[in-house]
Amino acid sequence: MLKSRASSSNHKKYHAKPQPKVEEITEDEIAQFVTEDGLPIYTLYVSGFKNYLHPVTVQTLMHSFQADGPIKKVVIHDAKVPYAFVTFADVKSALMAKRTHHFFNGKKLILRPADSWHQPEDNREASESEEEIDMYQSILKLNDDCLYCVLSYFNLRELIVIEKVCRRFQAVVQRIYKTYRTLDFDKLADTSQLTLMEVRNITRRMGAHVVTLKATATSFRTINPRIIVTILRHCRNLQSIHLEGFNMSSMLALRELSQTCGNLKVFQLPNCSVTDEIVTCLHNARELETLSLAENSGIIGKCLTGLRKIKEINLSSCPNLQPSYFMQFCERNPELKSLNIIRCDKINHICLETMARHLKSLESLMICNSYASVTPADYVVLVDMPNLTHLQISYNNYLNVDTFLAKLADLNRLDYLDISGGHITRNTLRALTNFRKLRVLKLNYKIECVDDTLAQISSNETIQELHIVSCTSITNEGLVAFIRKCRQLRHINMSGCYGITNDLVINILPHLAERPEILELVVGGTQITIGVEEHVNAHENPKLKLDYTNTAEAFGAIDIWEDMLYGDDLLDMEDIDDEDLDDDAYAFFHYENGYDSEFDEDELFV
């Protein structure tokens, strides 16, 4: 009796709700049981069994799944975390097995659809019409060099399909793969987002030849951590990496990244959830010259202290960057040419003094006027940088830095100045009129920028680019006068200046005929219409190009920073626990003692 009860108890424990019948699976459900690439699912990934108790065999798995339907193949991988692939004869059987509870050694097995590349190839649709066959016969008459030229016009996604036509096509396509030095997933995703299988197919074929990698998370169909691991695993000879929007905080991603950094010269990871754990990657990148860690609130700065020979660095929107680590970085990288610390909110006056003292080679500086611990007088120390020619000050109305601008104007070194946002005061305007070498001037979102402002800054006839996005008080008359006086002008961005009309174009055309360079106007968001092109084309040599893009939408609001500085939106390091930095460290594959150094590719691509 007791034995019977125990058996009944075990039956209840290991067998849950009644198993679904084949008849309960509808045709619609079968049609929808596909991978992200649209392939019908015949193969399931099976895990959750331990080989050291009662070793699993092909026979035991077939016995476990035979009630769900006919099985074509079972493959077992005896890895540290063992797993298997079970391939059924039809999709209905695979779907039924997926819905059924299966047990081994008293534990419930984990079942999920296998990746696209594990699905049987003989079930993938492949058909050719007679017209297509005729085309192949005609193109095969070309010699390999001609065929190489023709196939070179196809992109990587298309080449992967083309190489399956025949062995000759495959050989020619493989020659084309070897010519690729840049892999830009964003361009490949122009028509549709990429799947994990496409990423795997592309990187396995030409990853070894690539030296420049560009990828944004939005170019992929799913936010899957395996995507970035797959890319890095097959691209080992990279010299330039630009990844944006990925989660690079997991230990597995960092391990793959550190093994790719040996030859890196350019390393850009904006908005990638990066923390100071990336220090190992930076340590391995001994040739690194350009680094971007923008928009990563987990960066405290400790990872920067070991860097040497950096020429360019972007730390914008790293609000928790600590002054002590930043100053150590400045002291150890005296050859730095470009620095961006916009919205690094903990920057103080001592940081500015350290920059002025050690960064004598700095040519390009991007800062803001909203550092809570910096006064207007503190900025003046930056004029001691003798090579500074490119300056961007991201404004709000928190502080004015007119004294700093006036000192720079007296030295007359700048050829690029961006002071978009905030107000224009009399002192600001006086400083602008004293710059005599400016080639690029950006005054976007300056409400006080009016016709008289343009009249005064037009005394600087060296200006080649003017950006006045959403300066809504400017009129046709003011711009015409400015264009007539500044004869070296090549580009004006007036997006969002809705007071500008077609009359501007008509009135400036006669004054452009004798100029050596074409003037480009960005006129999106103005009252200039495409109908004015008739007047432009009526001139024999108009020297004018119109771009109807509205860049005003891309700039966004600038004056919200003050609210963010004093609100609760900004992440503060007091809210970060030590454990928070490692939340995702084992989110991908978790082992008791960290990742497995003998990680097999089959474990990754399951």
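Q: Is threonine 389 buried, exposed or partly exposed?
A: Buried means under 20% relative accessible area, exposed over 50%, and partly exposed in between (1.4 Å probe, protein chains only). Threonine 389 counts as partly exposed because its relative accessibility is 27%. This is a predicted model, where local features need pLDDT of at least 70, side-chain atom pairs count only at pLDDT 80 or more, and totals for chains, interfaces and linings use all residues. Residues are numbered from 1 along each chain as its sequence is written, and side-chain values use heavy atoms, with hydrogens and water left out.

Q: Where does threonine 389 lie, and which residues is it in contact with?
A: Helices (H or I, at least four residues) and strands (E, at least two) are DSSP runs, numbered from the N terminus. Threonine 389 lies in the loop between strand S14 (364-368) and strand S15 (390-394). Contact means heavy atoms within 4.5 Å. Neighbours within four places in sequence aside, threonine 389 is in contact with Glu363, Arg413, Leu414, Asp415 and Tyr416.

Q: Is serine 458 buried or exposed?
A: Serine 458 is buried, because its relative accessible area is 3%. The residue is found in the loop between helix H18 (451-457) and strand S18 (465-467). Leaving aside neighbours within four places in sequence, serine 458 is in contact with Phe482, Lys485 and Cys486.
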